[in-house]
Amino acid sequence: MPDRPFTAPLIGPPLNRLDGHAKVTGSARYATDQVFENLAHGVFVESSITAGRIRSIDIAPAQAVAGVLAILTHENAPRLQQVGQQGQSGRPGQSHMVLQDERIFHAGQYVALVLAESIDVAEYAATLIRVAYQPEVHQVLFEDHLDQAYEAPRIPLIGTPPVTSERGDPDTIYGRAPVRLDLTYRTPVQHHVPLEAHGTTAVWNGDEVTIHDSTQHVYGVRSVVAKYLGIPEDNVRAISTFTGGAFGSKGSSWPHITFAAVAARQVGRPVRIWLSRRQSFVGAGHRAPTLQQIRIGADRDGRLLSLVHEATAHTSPYDEFCDAIAVTTRTLYSCPNLRTAHRLVKVNINTPTAMRAPGEAPGLFALESAMDELAHAVDLDPLELRLRNYAKTDEDEGKAYTSKALLACYGAAAERFGWSARPRQPRSLRDSRWLIGQGMASAVYPGKQSPASARVRLLPDGRAEVASATHELGTGGWTAMTMIAAETLGLPVDKVTFRYGDTHLPNAPVSAGSQSVACVGSAIKLAADKALAQVIALAVADPSSSLYQADPATVEVRGADLIARGSTQKEAWPVILTRLGSRGAIEGVEANATYQPPKPDERPNSAHAFGAHFCEVRVAEDTGEVQVSRWTAGFGCGRIINAKTAHSQLIGAIVWGIGMALHEETSLDPHLGRFMNRDLAEYLVPVSADIPLIDAFFVEEDGPAVDPIGAKNVGEIGICGAAAAIANAVYHATGKRVRDLPIRIESILG
Ligand code: MOS
């Protein structure tokens with residue numbers, strides 16, 4: 001069989017999600033819905049100090065409660081192996097494992113785990129544990145300690161871009177530039193707050209443990225738990241049936257996952273640990289706050305001469321987690337002189353982690369706000385400014401882009417929005433007490449990729465079983481993978497069964513970085529092609545087949561038909577398998593394949609998704625209330641497998657961007673050293689009344705293949721630049737530039 005391209009339409013059909021029925025009827029079982037006899041429940045006790053040591057811990061009153069099975073503390077918990085921050089595959093989330101010693105690094109750190117017959121008994125007993133502490137001085141606001149800032153050693157995310165970059169001579173050129181801007185932006189701590197809180201159930205059978213976890217990475221869970229316990233990976237099975245939102249917080253294996261296994265072994269029963277909503281604010285990462293300085297040197301026509309983007313963020317006392325905050329600044333615009341840098345300050349807070357468009361979202365808030373400020377400084381339309389600085393190639397990697405539909409995104413979205421009618425001057429649109437403003441921003445997201453494997457089994461009855469240990473996070477992954485297999489095999493979707501979320505299936509990477517469709521989908525395509533090649537080999541050797549004695553190298557696949565080029569020989573693969581199956585010759589064919597993406601520096605091209613946001617806000621002149629009233633955004637993301645679920649990803653991402661701009665912030669009390677708003681009453685997220693009709697669309701995009709199926713990435717691109725579009729629209733409405741997120745009433749009235 002000759003190598004063949006993936007021929008699905010560039011924008012695929014809109015298919016309803018295959019998990020939809022199970023979810024709306026409640027039959028979908030999540031990790032903490034799995035039913036086990038004799039299930040025990042674990043509840044963590046949190047530290048009430050922010051830094052210091054445990055002097056003593058009194059568990060006797062809690063132990064006396066009827067139904068309490070065991071209480072683990074640093075004094076009696078099994079000693080676990082050291083894992084470090086970054087495992088070989090899969091991240092532990094933080095290098096500090098709890099209940100191993102008396103040190104306290106942050107408020108809310110777990111100091112005991114109560115195991116009981118019911119969650120109510122465990123929660124009650126947890127309140128009876130008395131801990132005496134030796135407190136030490138803590139620091140939680142990184143901006144108060146910028147003298148301690150140091151260059152981040154690395155960016156531990158998919159693709160691992162360099163921490164710093166420099167081209168040309170940005171400082172000298174900045175000093176000579178006719179137009180100079182030196183601007184400082186801030187973004188706060190944010191939390192992922194997935195609707196399904198973090199939860200794990202661990203069940204031992206002999207010396208093997210099965211972990212049902214709400215995760216983005218079953219193979220990561222397997223690896224991390226095996227390492228901490230010091231047992232072979234084969235003795236750990238991780239299963240994720242559904243994950244009810246994750247956003248990066250379930251990409252790592254946080255301490256509660258390992259401790260579910262530890263506790264289950266301790267009490268000799270299945271154990272479930274379900275973090276409370278409050279606990280998920282200290283037990284599963286957060287987005288680090290940022291302080292970003294942008295210096296732009298430009299000519300009077302708005303062309304960038306020099307661009308410097310330096311970001312500082314916080315990290316925990318024991319880890320060096322750094323988002324790729326300034327990385328997309330290296331590639332979005334053409335600029336010969338550029339520097340980016342990332343610095344960290346250690347604070348007494350648990351380790352931050354990736355959160356939807358980690359780095360890109362806060363970084364593009366700063367860059368795209370600064371570009372708007374430049375447009376006003378040189379009196380240019382903000383879209384015209386972007387066009388003048390359009391990057392034809394990736395000047396960071398020094399390569400052509402695989403495809404870049406940004407001009408089409410600008411054009412189509414501006415047209416649909418009616419951007420050309422926008423008056424340039426701020427405060428020039430009004431509807432009685434409402435000031436109206438329109439803002440725009442560019443979006444860019446790197447085409448992250450990791451190796452992925454898949455298995456395809458073709459059955460004589462014309463069905464296919466496809467498997468890869470990827471995940472269904474609520475994004476439509478299951479549906480997209482099924483569609484990719486169906487397309488490759490020439491089958492209707494209902495003839496394909498896709499299994500996922502289990503380390504007994506072929507390895508798949510963390511479902512993060514918007515990479516799953518491109519990587520896992522490519523592995524499925526490769527495995528399906530291999531399986532078809534096996535059928536061809538069977539057919540050309542089968543005297544009953546029309547393809548008998550055809551040269552396999554000439555046999556092409558069209559739909560489910562196998563056709564020998566230049567002849568009339570042709571047979572559909574289900575027909576071939578049915579015949580061979582009825583003779584008892586075979587039970588089907590099976591093929592495994594691994595998609596191995598090229599390393600970023602070995603790729604011939606640079607792969608990024610692009611887009612453009614245009615939005616309108618209404619700002620009440622008297623109260624400062626901000627309403628987002630219109631949104632149009634276009635994106636070029638390579639091949640789109642499922643028009644419906646991909647569109648939903650864009651909508652969800654833009655809603656997330658609106659929350660980032662106007663609502664979300666986890667506040668820190670510097671005196672107590674704690675997060676103050678640890679629930680959905682006080683951690684604000686947008687509600688329906690905050691969201692206008694969102695007109696989001698894909699432009700058709702083709703180009704040299706990034707991967708065997710030509711997909712790039714969809715999930716996170718919609719967040720990128722969205723908060724800046726709102727801040728820019730607020731400026732246009734009010735003349736007030738807000739450089740600190742979230743935009744509050746007091747930032748507008750103050
Ligand atoms: Mo996402 S932060 O790549 O899960």
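Serine 514 sits in the loop between β21 (496–499) and α13. In this predicted model, its phi is near 55°, a positive value in a residue other than glycine. Serine 514 is buried, with a relative accessible area of 17%, because buried means under 20%.

Glutamine 549 counts as exposed, at 62% relative accessibility.

Another backbone feature is a cis peptide bond. It runs from leucine 741 to proline 742, with omega near -10°. Proline 742 belongs to the loop between α16 (722–734) and α17 (745–749).

**Helix packing**

| Helix pair | Angle | Axis separation | Handedness |
|---|---|---|---|
| α12 and α13 | roughly 30° | within 9 Å | right-handed |
| α13 and α14 | about 60° | 10 Å | left-handed |
| α15 and α16 | about 55° | 8 Å | right-handed |

Take α12 and α13. Helix α12 covers residues 477–489, and its axis crosses that of α13 at roughly 30°. The two helices are therefore roughly parallel to each other. From α12, the contact uses Ala480, Met481, Ile484, Ala485, Thr488 and Leu489. From α13, it uses Ser516, Val517, Val520, Gly521, Ile524, Lys525, Ala528, Asp529 and Leu532. By class, the contact of α12 with α13 has 10 nonpolar, three polar and two charged residues.

Helix α13 (residues 516–540) also packs on helix α14 (residues 573–582), at an angle of about 60°. That makes α13 oblique to α14. On the α13 side, the contact residues are Leu532, Val535, Leu538 and Ala539. They meet Trp573, Ile576, Leu577 and Leu580 in α14. The residues of this contact are eight nonpolar, no polar and no charged. Leu532 of α13 takes part in the contact with α12 and also in the contact with α14.

Next come α15 and α16, which pack at an angle of about 55°, with axes 8 Å apart. That makes α15 oblique to α16. Helix α15 contributes Gly657, Ile658, Met660, Ala661 and Leu662 to the contact. Helix α16 contributes Ala722, Ala723 and Ile726. The contact of α15 with α16 divides into seven nonpolar residues, one polar and no charged.

**Aromatic pairs**

How many aromatic pairs does the structure hold? There are 14. One of them joins phenylalanine 247 and tryptophan 656. Their rings are 4.8 Å apart centre to centre, with 55° between the planes, and the pair is tilted. The pair links distant parts of the chain, 409 residues apart. Phenylalanine 247 is in the loop between β12 (236–239) and α6 (255–267), and tryptophan 656 is in helix α15 (residues 643–662). Phenylalanine 247 is partly exposed, with a relative accessible area of 27%. Tryptophan 656 is buried, with a relative accessible area of 12%.

Phenylalanine 417 and phenylalanine 614 form another pair. Their ring centres are 6.1 Å apart and their planes are at 35°, so the pair is tilted. Phenylalanine 417 lies in helix α11 (residues 406–417) and phenylalanine 614 in strand β26 (residues 608–620), so the pair ties together parts that are 197 residues apart in sequence. Both phenylalanine 417 and phenylalanine 614 are buried.

Ring pairs also build a cluster. Its members are Tyr30, Phe242, Trp478, Phe498 and Tyr500.

**Alanine 391**

Is alanine 391 buried or exposed? Alanine 391 counts as buried, at 0% relative accessibility. Its place is the loop between α10 (382–388) and α11. Not counting residues up to four places away in sequence, alanine 391 touches Thr331, Leu332, Tyr333, Ser334, Tyr401 and Lys404. Tyrosine 185 is 206 residues from alanine 391 in sequence and 24 Å from it in space, C-alpha to C-alpha.

Note on methods. Residues are numbered from 1 along each chain as its sequence is written. This is a predicted model: local features need pLDDT of at least 70, side-chain atom pairs count only at pLDDT 80 or more; totals for chains, interfaces and linings use all residues. Side-chain values use heavy atoms; hydrogens and water are left out. Axes are lines fitted to C-alpha atoms, for helices over the stretch in contact, and angles run from 0 to 180 degrees between N-to-C directions. Helices (H or I, at least four residues) and strands (E, at least two) are DSSP runs, numbered from the N terminus. Angles under 35 degrees count as roughly parallel, over 145 as roughly antiparallel, 65 to 115 as roughly perpendicular and the rest as oblique. A crossing is left-handed if the near helix is turned anticlockwise from the far one by less than a right angle, and right-handed if clockwise. Contact means heavy atoms within 4.5 Å. Ala, Val, Leu, Ile, Met, Phe, Trp, Tyr, Cys and Pro count as nonpolar, Asp, Glu, Lys and Arg as charged, and the others, Gly among them, as polar. Rings of Phe, Tyr and Trp (its six-membered ring) pair if their centres lie within 6.5 Å; planes under 30 degrees apart count as stacked, over 60 as edge-to-face and the rest as tilted. Buried means under 20% relative accessible area, exposed over 50%, partly exposed in between (1.4 Å probe, protein chains only).
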